[in-house]
Amino acid sequence: MPTPAGCVLGVDPGLRVTGWALLDARESAPRIEYGVIRPPRGAATAVRLRAITNGLLEAIDAHGPSAVAVERPFVKENMRTALALGQAQAAALLAAAWRELEVFEYAPREIKQTAAGDGGATKEAVAEALRRQLRLEAGPRPLDASDALAVAYCHLLASSGRRRLLPQR
C-alpha cells in the first residue's frame, strides 16, 4: 500500500499534451490546481521530453507536493503509441526524481474505477464523477488535466484506505 500523502501531483503523460493536477487534501476542503504542458509541435522527441520535465518541475516547485502519482502506460494495439506514452512517463519520473519525491504508478483501469466506479469509463465520465465527488463547479479542462486529477485522486484514496475524500452530502 502506498505511504499516506496529503498533497499529491497527478500526471497524465503524453508527448503531445501532458496533464498535471495537484490535489491537496490536508484541509477540510481540498485545494486543487491543474494545467497541461504542451511541448512544441513537430519538435524532436528529446525536446518534447525536456519540455515535459521542465513543466512538471515548475508545477512541483510551485505547489510542493509530497508525492507524484503517474498513469502507467498500457499497450493496446499500437506499440508506437505505447512507446510514446512510456517516454512521457519517464519524463514525469525524472522530474519527481530531481525533487526527490516518491512516485506511485496506477493502471488506467484502476484510476477510472476509483474515480468513476467503472474501469472502462470515458474521459468525460471520469471528469463528471470528479466534479461531483470533489464538489467542483466544473470539471477541469482540458480532459488531460481532468485525467491527471483522477490519478491524484486515485493515489490519495489508495494511500489513505478511504473510499472518498469528502463525506457525502
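Accessible areas here come from the Shrake-Rupley method with a 1.4 Å probe, and for residues only the protein chains shown count as cover. On that basis the protein exposes about 8,900 Å², with carbon and sulfur atoms supplying 50% of it. Heads up: this is a predicted model, where local features need pLDDT of at least 70, side-chain atom pairs count only at pLDDT 80 or more, and totals for chains, interfaces and linings use all residues. Residues are numbered from 1 along each chain as its sequence is written, and side-chain values use heavy atoms, leaving out hydrogens and water.

**Overall layout**
- You get five helices and five strands, taken as DSSP runs (helices H or I, at least four residues; strands E, at least two) and numbered from the N terminus.
- Starting at the N terminus, the order is β-β-β-α-β-α-β-α-α-α.
- Of the 169 residues, 46% count as buried (under 20% relative accessible area, 1.4 Å probe, protein chains only).

**Helix α2**
- The 20 residues of α2 should span 28 Å at 1.5 Å a residue, and the end C-alpha atoms are 29 Å apart, which agrees; the expected span is 1.5 Å times one less than the number of residues.
- Buried residues in α2 are Ala 82, Ala 88, Gln 89, Ala 91, Ala 92, Ala 95 and Ala 96.
- Their cover includes β1 (7-12), α1 (45-63), β4 (67-71) and β5 (102-106), going by contacts (heavy atoms within 4.5 Å).

Definitions and conventions:
Buried means under 20% relative accessible area, exposed over 50%, partly exposed in between (1.4 Å probe, protein chains only).
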